[in-house]
Amino acid sequence: KVSPEIRHHLIQSSWLFIGNTRCKVVDRFDIKQCFKCQKLVDHISTNCPEDHPTCMYCSGAHLSRNCREKHNPAQHRCRNCSHSTDSKHQEACHTHHSGSDSCPLRVSRRQELISRTDYSKNF
């Protein structure tokens with residue numbers, strides 16, 4: 001944990017030298033996602049209320065590890081975007097899968113988390 005000023009400097013420089021090792025600096029913000037229903041929610045697969053799994057890749061009713069389209073990006077469909085009330089997200093649901101860092105809902109959730117984070121807490 002660092003002060004906001006030090007964090008800003010580290011992110012801007014993007015590298016940190018520890019001894020003789022050059023280390024890349026990145027912000028790490030983990031977005032919670034249930035890997036059974038694929039929703040961006042505050043539960044995990046062992047506590048998921050859904051009866052059946054949803055595939056991360058094609059949004060089908062099967063386990064992600066069994067998906068035939070896993071390596072076929074043209075068939076990927078984001079479960080979260082396809083169920084969104086925003087038509088822009090619904091239109092973009094075929095451009096990525098539910099675990100993709102390019103998912104606009106994940107990007108939005110990450111930005112919310114960044115804006116709520118106090119970098120100097122417990123410093």
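Reply: Asp27, Arg28, Phe29, Ile31, Asp101, Arg106, Val107, Arg110 and Gln111 line the second largest pocket (an open set of 1 Å grid points over the protein atoms alone where a 1.4 Å probe fits, with protein on both sides within 12 Å along at least five of seven lines; lining residues have an atom within 4 Å of a point). The model is predicted, so local features need pLDDT of at least 70 and side-chain atom pairs pLDDT 80 or more, while totals for chains, interfaces and linings use all residues. Numbering runs from 1 along each chain as its sequence is written, and side-chain values rest on heavy atoms, without hydrogens and water.

The space in this second largest pocket comes to about 160 Å³ (the volume filled by probe spheres set on points joined across faces, edges and corners). Its lining comprises five charged residues, three nonpolar residues and one polar residue (Asp, Glu, Lys and Arg are charged; Ala, Val, Leu, Ile, Met, Phe, Trp, Tyr, Cys and Pro nonpolar; the others, Gly among them, polar).

As for the cysteines, the whole structure holds zero disulfides (cysteine sulfur pairs within 2.5 Å). The closest cysteine sulfur to that of cysteine 81 belongs to cysteine 103, and at 3.8 Å it is too far for a bond. Cysteine 81 is buried, at 0% relative accessibility (buried: under 20% relative accessible area; exposed: over 50%; partly exposed: in between; 1.4 Å probe, protein chains only). Cysteine 93 likewise takes part in no disulfide, and the nearest cysteine sulfur, in cysteine 81, lies 7.0 Å away. The relative accessible area of cysteine 93 is 4%, so this residue is buried.

Opposite phenylalanine 17 stands arginine 22 of E2. Two residues separate the strands of this hairpin of E1 and E2, where glycine 19 has a positive phi near 65 degrees.

A positive phi of about 65 degrees is also found at serine 14, although this residue is not a glycine. Serine 14 sits in the loop between helix H1 (4-13) and E1. Serine 59, not a glycine either, has a positive phi of about 65 degrees. The loop that holds serine 59 runs between E2 and helix H2 (79-82). With a relative accessible area of 16%, serine 59 is buried.

How values were computed. Two strands pair if DSSP finds at least two bridges between them. Helices (H or I, at least four residues) and strands (E, at least two) are DSSP runs, numbered from the N terminus.
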